[in-house]
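Here's a quick briefing to read alongside the model. Have the viewer open and hop between the topics as you like.

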Amino acid sequence: MATHRLYYDDSYVQNFEAQVRACVPAEPMATDSGTRAAWEVLLDQTAFYPSSGGQPNDLGKLGEANILDVRDDGEEVLHIVDRELAPGPVQGCLLWPRRFDHMQQHTGQHLLSAMFQERFGLPTVSFHLGGDLCTIDLRGPEPSADALLGAQRAANQIIFEDRRVTVRYGTADQLARLGVRKEVEREGILRAIEIEDADLQPCGGTHVKATGQIGMLLVRRCTKVRQDFRVEFACGSRAERLATAEFALLRALGDRLSCAPEESLAAVEKAFAERDANFKALRGALQQLAEARAELLAGSAAGEGGLRVVAEVLRDVHTELLLPLATELAKKEHTVALLALEVSGQLVFAQHPSAGKDLAALLKQVFATFPGKGGGTHDFVRAKLSEPSSSASAIALARKLLLG
Ligand SMILES: [Zn+2]
């Protein structure tokens, strides 16, 4: 026996009476409030929609039991509930806001897919109705920004015109003569959904009765998924919630940038330009500081055997000073710079070629006592100690080895 599907002919049935034909224990179900014991119920007729064709199942009550899931099982509809039901009559009640939302999204999908097909020759190969957003996958070349906007506008125009959405039945041949888009391989009588003068699609889902009830359709971004292009969209109250949330975000951004929401982009660009200019100015200041400090350090460093060694652990300085300071010191003849940043344990050894030492070899010797990572050439090495706290000891050791 097949379950009679009340939603096929009237997707607005919210309350209905049915007969429980069977109720058997099922696998426990994982729900938001933990794992729950479950039963599988068969009815003679139902208004509950099972998950299929991209549309999620309905929820609601069956007598005192809560619906946990509704599944399509061939000719039957399986209701998974959280308590046992006695055979006989039972009252079904749908969680209507959830179902109506699904009807809005699903009918919007038919309309949007029709617009992409008709205006841009892009067929829909799959549909997903998610918790927040819906998606369709389009096959063919990447839809341009104009195509995305064009399909949205055309769909909304049909929504504003409040066209009728009706159910048609017929064989595949009959529906093909009526202009159904999709090739159907199923035998027998098929169900199709017609949007007046816009679309005819075979579909077993639930739809609103006129396009005006879709409310509005908002196309969002498009991303490549394998060979297809996935278009995100939202209809009805989802579109309203999204637009509201996004404007709130824009307003918060404007508040943070001290400008009107619509001026946020210009304000961000200005802030980035300022940041880049400040960075450039900082670089210049650090270079000047490096030059001045190199003079001071070189002046106070003792020369031993014609070699001047500047060994310093830098504290409370900008981290970007390390490299220019080492470079400046290494410009001075017979000079070796052994520098470390206390905060991070970064090391730079640099020398004027006339100093004639092998700093790469020196670094290896230092690593034997104070491990770290890094390397370089005879004249220049960069490294990072595993333990920043050993910076001072590592520099002292390097100095000793160098002068040893
Ligand atoms: Zn449909």
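## L249 and the ground rules

L249 has 12 C-beta neighbours inside 10 Å, so L249 counts as exposed. The cut-offs behind that word: a residue is buried if 20 or more other C-beta atoms lie within 10 Å of its own, exposed if 12 or fewer, and partly exposed in between, with C-beta atoms placed from the backbone. Keep in mind that this is a predicted model, where local features need pLDDT of at least 70 and side-chain atom pairs count only at pLDDT 80 or more, while totals for chains, interfaces and linings use all residues. Residues are numbered from 1 along each chain as its sequence is written.

**Where L249 sits**

- L249 is part of helix α5 (residues 236–256); helices (H or I, at least four residues) and strands (E, at least two) are DSSP runs, numbered from the N terminus.
- Between L249 and P261 there are 9.0 Å in space, C-alpha to C-alpha, and the two are 12 residues apart in sequence.

**The whole chain**

- The tally for the protein is nine helices and 21 strands.
- Its radius of gyration (taken over C-alpha atoms) is 36 Å, well over the 22 Å that the globule rule (2.2 Å times the number of residues to the power 0.38) gives for 404 residues, so the protein is more spread out than a compact globule.
- Along the principal axes, the C-alpha atoms fill a box of roughly 105 × 50 × 40 Å.
- Of the 404 residues, 32% are buried.
- Take the contacts with a separation of 6 or more: 57% of them are between residues 24 or more positions apart. A contact here means that two C-beta atoms, placed from the backbone, lie within 7 Å.

**Domains**

- The domain assignment gives domain 1 (4–94), domain 2 (100–253) and domain 3 (281–403); such bounds come from an automatic or database domain assignment.
- The centres of domain 1 and domain 3, taken over C-alpha atoms, are 75 Å apart.

**β7 and its partners**

- Strand β7 (residues 76–81) has five of its six residues buried, so the rest of the structure largely encloses it.
- Strand β3 (residues 34–43) runs antiparallel to β7, and three bridges join them; strands count as paired if DSSP finds at least two bridges between them.
- W39 has V81 in β7 as its bridge partner.
- β6 and β7 make a hairpin with two residues between them, and G74 in the turn has a positive phi of about 65 degrees.

**G88**

- G88 belongs to strand β8 (residues 88–94).
- With 9 C-beta neighbours inside 10 Å, G88 counts as exposed.
- Leaving out residues up to four places away in sequence, G88 touches Q19 and V20.
- G88 and C222 are 134 residues apart along the chain, and 50 Å separate their C-alpha atoms.

**β11, β12 and β13**

- Strands β11 (residues 165–170) and β12 (residues 190–195) run antiparallel and are joined by six bridges; R168 faces A192 of β12.
- On to strand β13 (residues 199–202): β12 pairs with it over four bridges, again antiparallel, and I195 has D199 in β13 as its bridge partner.
- The β12 and β13 hairpin has three residues between the strands, and D197 in the turn shows a positive phi of about 55 degrees.

**Helix α6**

- How far apart are the end C-alpha atoms of helix α6 (residues 264–300)? They are 52 Å apart, which agrees with the 54 Å that its 37 residues should span at 1.5 Å a residue; the expected span is 1.5 Å times one less than the number of residues.
- α6 is hardly covered, with three buried residues among its 37: A290, A294 and L297.
- The cover over those buried residues includes β17 and α7 (322–329).

**Helix α9**

- Helix α9 (residues 391–403) has 13 residues and reaches 18 Å from its first C-alpha to its last, close to the 18 Å expected.
- Its buried residues are S391, A394, I395, A398 and L402.
- Looking down the axis of α9, those buried residues fall within an arc of 100 degrees, so they line one face of the helix; the arc is that of the directions from the helix axis to the C-beta atoms.
- The buried residues of α9 pack against β17 (307–314), β18 (335–341), β19 (346–351), α8 (359–369) and β21 (380–385).
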